[in-house]
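Visitor: Before we go through this structure together, I would like to take the surface first, then the strands and the rings.

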Amino acid sequence: LVFFLSSNRRSSHRAVAHSLSTMSDGKVRLYVKGVVMGYKRGLRNQYTSTSLLKLEHVKTADSAKFYLGKRVAYVYKAKTLKKNTKFRVVWGRITRPHGSKGSVRAKFRRNLPPQAIGGPVRVMLYPSQI
């Protein structure tokens, strides 16, 4: 990438080149972080089949529409080994926006347990519609 600092044609154009080596050589995160806020609910009833999620850097309902249909993973750690790992995953899908502040509704294959409230979720950037 090259950025020109001087727009005057008579003076020499000083260019600052940013090589790719200055970018992070560390791990690349291929998901968006989110938090489980709770279940969909009214004043007296709660519907545990639908979870409410708050996504990182999503502030409006319009920006939340990008995430509709994306896969969500709730990753947790259990005590016993299964398939040579203690980590388990509950998969779900974002169904629609919730409210005007950028939170979304998601349905999981198995309803999330109450211990998941306040816990992290990973919103994968697939399936892509762009």
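Guide: A term is needed at the outset: patches are made of residues with over 30% relative accessible area and no salt bridge, and nonpolar side chains are joined within 5 Å. Please keep in mind throughout that this is a predicted model.

Visitor: What is the area of the nonpolar surface patch made by Phe 66, Leu 125 and Ile 130?

Guide: Ile 130, which is found in the segment after β8 (120-124), has a relative accessible area of 88% and is exposed. Phe 66, with a relative accessible area of 39%, is partly exposed. Together with Leu 125, these residues make a nonpolar surface patch of about 340 Å².

Visitor: Are the planes of Phe 66 and Tyr 67 stacked or edge-to-face, and at what angle?

Guide: By the rule for ring centres within 6.5 Å, the count comes to two aromatic pairs. In one of them, Phe 66 and Tyr 67 have their centres 5.0 Å apart, and Tyr 67 is buried, with a relative accessible area of 11%. Planes over 60 degrees apart count as edge-to-face, and this pair is edge-to-face, with an angle between the planes of 85°.

Visitor: Why is the pair of Tyr 74 and Tyr 76 stacked?

Guide: Tyr 74 is buried at a relative accessible area of 8%, whereas Tyr 76 is partly exposed at 32%. The ring centres of Tyr 74 and Tyr 76 are 5.7 Å apart. Planes under 30 degrees apart count as stacked, so the pair is stacked because its planes are at 20°.

Visitor: How many bridges pair strand β6 with β7?

Guide: Strand β7 (residues 103-108) has five of its six residues buried, and three bridges join β7 to the antiparallel strand β4 (residues 46-55), with Leu 52 opposite Arg 105. With β6, β7 forms a hairpin that has four residues between the strands, and Gly 99 in the turn has a positive phi of about 80°. His 98 stands opposite Ser 103. Strand β6 (residues 85-98) and β7 pair in the antiparallel sense, and the number of bridges is six.

Key. Residues are numbered from 1 along each chain as its sequence is written. This is a predicted model: local features need pLDDT of at least 70, side-chain atom pairs count only at pLDDT 80 or more; totals for chains, interfaces and linings use all residues. Side-chain values use heavy atoms; hydrogens and water are left out. Patches are made of residues with over 30% relative accessible area and no salt bridge: like charges are joined within 9 Å, nonpolar side chains (Val, Leu, Ile, Met, Phe, Trp, Tyr) within 5 Å. Accessible areas come from the Shrake-Rupley method with a 1.4 Å probe; for residues, only the protein chains shown count as cover. A salt bridge is a side-chain nitrogen of Lys or Arg within 4 Å of a carboxyl oxygen of Asp or Glu. Helices (H or I, at least four residues) and strands (E, at least two) are DSSP runs, numbered from the N terminus. Buried means under 20% relative accessible area, exposed over 50%, partly exposed in between (1.4 Å probe, protein chains only). Two strands pair if DSSP finds at least two bridges between them. Rings of Phe, Tyr and Trp (its six-membered ring) pair if their centres lie within 6.5 Å; planes under 30 degrees apart count as stacked, over 60 as edge-to-face and the rest as tilted.
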